[in-house]
Amino acid sequence: QVQLVESGGGLVQAGGSLRLSCAASGSIFSINAMAWYRQATGKQRELVAGITSGGSTNYADSVKGRFTISTDNAKNTVYLQMNSLKPEDTAVYYCAATMRLRTLGPASNYWGQGTQVTVSS
C-alpha cells in the first residue's frame, strides 16, 4: 500500500511563511518526480511546483521567487517552503508523485489527501 501524507498546512497572515511536507510510504521502488498542486474554492487544480529525480524544478509563475520545492530522497519526502504568502495562495494543497512500485513496472501517479492553507489579509 502506497500513501502520500501531507502536513504543515494551516492559517497564516499575509506575508508569513509555511512549510508543507509530504512523505511517501509503502513499497516504492523509485520516485521519478514529486509535485505540489493546489485548488482554491471554485477553481481548477493547478500545478504549483514540481521537481524531478534529477533535481530539475519548475514553478507556476504566480509563486516564482516566493516558493521553493525540495526533496529529501532518503526519506521519500518533498517539501514546499512558502514565503511571502498572499491571500490568493489560499487553497487546498495536494502532494503528487510519479512512482514506480516494481523494478520493471510502470511509473504511475499518486495523490495525497490534501492540506488546507489559508492566508488571511
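Four salt bridges are counted in this structure, a salt bridge being a side-chain nitrogen of Lys or Arg within 4 Å of a carboxyl oxygen of Asp or Glu. The model is predicted: local features need pLDDT of at least 70, side-chain atom pairs count only at pLDDT 80 or more, and totals for chains, interfaces and linings use all residues. Residues are numbered from 1 along each chain as its sequence is written, and side-chain values use heavy atoms, with hydrogens and water left out.

**Salt bridges**

- R38 and E46 form a salt bridge through their side chains, with 2.8 Å from N to O.
- R38 is buried because its relative accessibility is 6%, whereas E46, at 33%, is partly exposed; buried means under 20% relative accessible area, exposed over 50%, and partly exposed in between (1.4 Å probe, protein chains only).
- R38 also forms a salt bridge with D89, at 3.0 Å from N to O. This pair links distant parts of the chain, 51 residues apart: R38 lies in strand β4 (residues 30–39), and D89 in the loop between β8 (77–82) and β9 (91–100).
- D89 has a relative accessible area of 0%, so D89 counts as buried.
- D89 and R66 meet in a salt bridge of 2.8 Å, N to O. Here too distant parts of the chain are linked, since R66 sits in the loop between β6 (57–59) and β7 (67–72), 23 residues from D89.
- R66 is buried, with a relative accessible area of 10%.
- Through shared partners, these salt bridges join R38, E46, R66 and D89 into one network.

**Secondary structure**

- The protein chain has eleven strands and zero helices; helices (H or I, at least four residues) and strands (E, at least two) are DSSP runs, numbered from the N terminus.

**Overall form and packing**

- The radius of gyration of the protein chain is 14 Å, which agrees with the value near 14 Å for a compact globule of 121 residues. The radius is taken over C-alpha atoms, and the globule rule is 2.2 Å times the number of residues to the power 0.38.
- Along the principal axes, the C-alpha atoms fill a box of roughly 50 × 25 × 25 Å.
- Of the 121 residues in the protein chain, 36% are buried.
- Among contacts (heavy atoms within 4.5 Å) with a separation of 6 or more, 56% involve residues 24 or more positions apart.

**Charge**

- The protein chain carries 10 positive and 6 negative side chains, and the centres of the two sets lie 5 Å apart. Lys and Arg count as positive and Asp and Glu as negative, while His and the chain ends are not counted; each charge is placed at NZ of Lys, CZ of Arg, CG of Asp or CD of Glu.
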